[in-house]
Amino acid sequence: MKVSLVMAVYNGEKYLIEQLDSIRKQTYLIDEVILIDDVSTDNSYELIHQYIDGYKLINWKLIKNENNLGYRKNFKKGLEIVDGDIIFLSDQDDRWHLNKIEVMVEKMSQSNILSLASSFNFMDQDGNCFEVNKIKGRSNNNLLFKEVTEELTEIDLKSLLEMNFSQGCCMAIKKEVKDEYLKVTQGKLPHDWELNIISAIQNGCYYLDIPLIDYRIHNNNTIGMDNIVDGNIINEKKQRVNERIEQTKAQIENVNFTLGLELNREQKKYCLKYKDYLTQRVLMMKEKKACSLILYFLKGKYKGFGRVKTFLGDLVNIIK
């Protein structure tokens with residue numbers, strides 16, 4: 001079984017060496033490491049080149065793009081190159097626990113696991129780990145909107161249509177997931193989200209409740225993490241209300257992507273009904289139809305998709 005790793009690099013010189021060390025020193029040998037520099041303007045490319053030469057890492061390959069692709073297309077390019085049976089995704093500024101590859105490869109030897117995401121520790125820019133305030137009913141540092149009780153938990157398609165639960169840097173995927181992704185992706189969603197959706201359709205998306213990386217928070221990567229890091233549920237709720245229409249439109253995009261995949265009858269039926277539910281909510285919020293929204297709720301149209309607080313959030317968006 002061949003294990004590969006893809007790292008997307010862009011202006012990461014400040015934290016690169018610590019991350020490269022944590023990959024090189026893994027307790028499980030990585031057969032192929034592909035690092036793609038997205039036209040960095042700092043010394044990232046030179047640092048990696050010297051690192052590979054210095055440690056004589058013959059199985060590591062450094063590529064420099066001719067033009068800046070952005071992180072999504074850069075990871076896609078990496079996935080087009082690697083050919084491992086299990087493929088790990090890596091950011092440039094984290095710190096992996098030295099048993100990360102070993103633990104995840106062992107878990108993925110179970111044939112039904114197509115994508116696996118571990119938990120993580122938050123780490124500040126100085127390399128110090130810290131904890132966030134846990135929100136009731138959530139797991140994985142509040143990214144997973146359910147309480148897990150087992151070490152290994154399947155994440156179903158319904159959950160992923162609403163919200164992704166993991167960063168790509170915590171993930172590993174099997175080759176068949178990569179192959180399907182390269183066939184169907186249009187680059188509209190984050191690559192990690194699409195990979196998880198593809199896996200979930202085949203009941204193969206899993207969460208491992210063991211922290212295996214230290215995920216660095218600094219000024220360049222805190223987008224979307226502010227309230228989670230602060231543990232500020234009040235601000236998070238305000239933000240979700242204010243951005244509700246755009247978030248719901250994004251969920252429609254998720255469903256559209258999923259409908260383009262090979263679904264069974266029940267999955268397709270659910271996706272079509274879910275898309276109609278999301279579309280109706282967007283329409284009523286945009287047109288400020290509070291009475292129509294209340295009637296829609298009383299008819300039971302939220303049942304099976306949203307909770308009472310989902311309806312209340314939509315209503316607040318209309319009347320605010």
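The entries below follow that order.

I worked from a predicted model, in which local features need pLDDT of at least 70 and side-chain atom pairs count only at pLDDT 80 or more, while totals for chains, interfaces and linings use all residues. Residues are numbered from 1 along each chain as its sequence is written, and side-chain values use heavy atoms, with hydrogens and water left out.

Entry 1, helix H2. I took helices as DSSP runs of H or I with at least four residues, and strands as runs of E with at least two, numbered from the N terminus. H2 (residues 44-55) has twelve residues and spans 17 Å from first to last C-alpha, close to the 16 Å expected at 1.5 Å a residue (1.5 Å times one less than the number of residues). I found Ser44, Ile48, Tyr51 and Ile52 buried (under 20% relative accessible area, with exposed over 50% and partly exposed in between, 1.4 Å probe, protein chains only). Viewed down the axis of H2, these residues fall within an arc of 95°, so they line one face; the arc is that of the directions from the helix axis to the C-beta atoms. Gln50 and Gly54 are exposed on the face turned away. The cover over the buried residues includes strand E1 (3-9), helix H1 (16-24), strand E2 (32-37) and strand E3 (60-64), contact being heavy atoms within 4.5 Å. Just after H2, I noted that Lys56 has a positive phi of about 50°.

H11 (residues 265-286) packs on H13 (residues 308-319) at about 30°, with axes 9 Å apart; axes are lines fitted to C-alpha atoms over the stretch in contact, with angles from 0 to 180 degrees between N-to-C directions. That makes the two helices roughly parallel (under 35 degrees; over 145 is roughly antiparallel, 65 to 115 roughly perpendicular, the rest oblique). Tyr277, Arg281, Met284 and Met285 of H11 meet Thr310, Asp314, Asn317 and Ile318 of H13.
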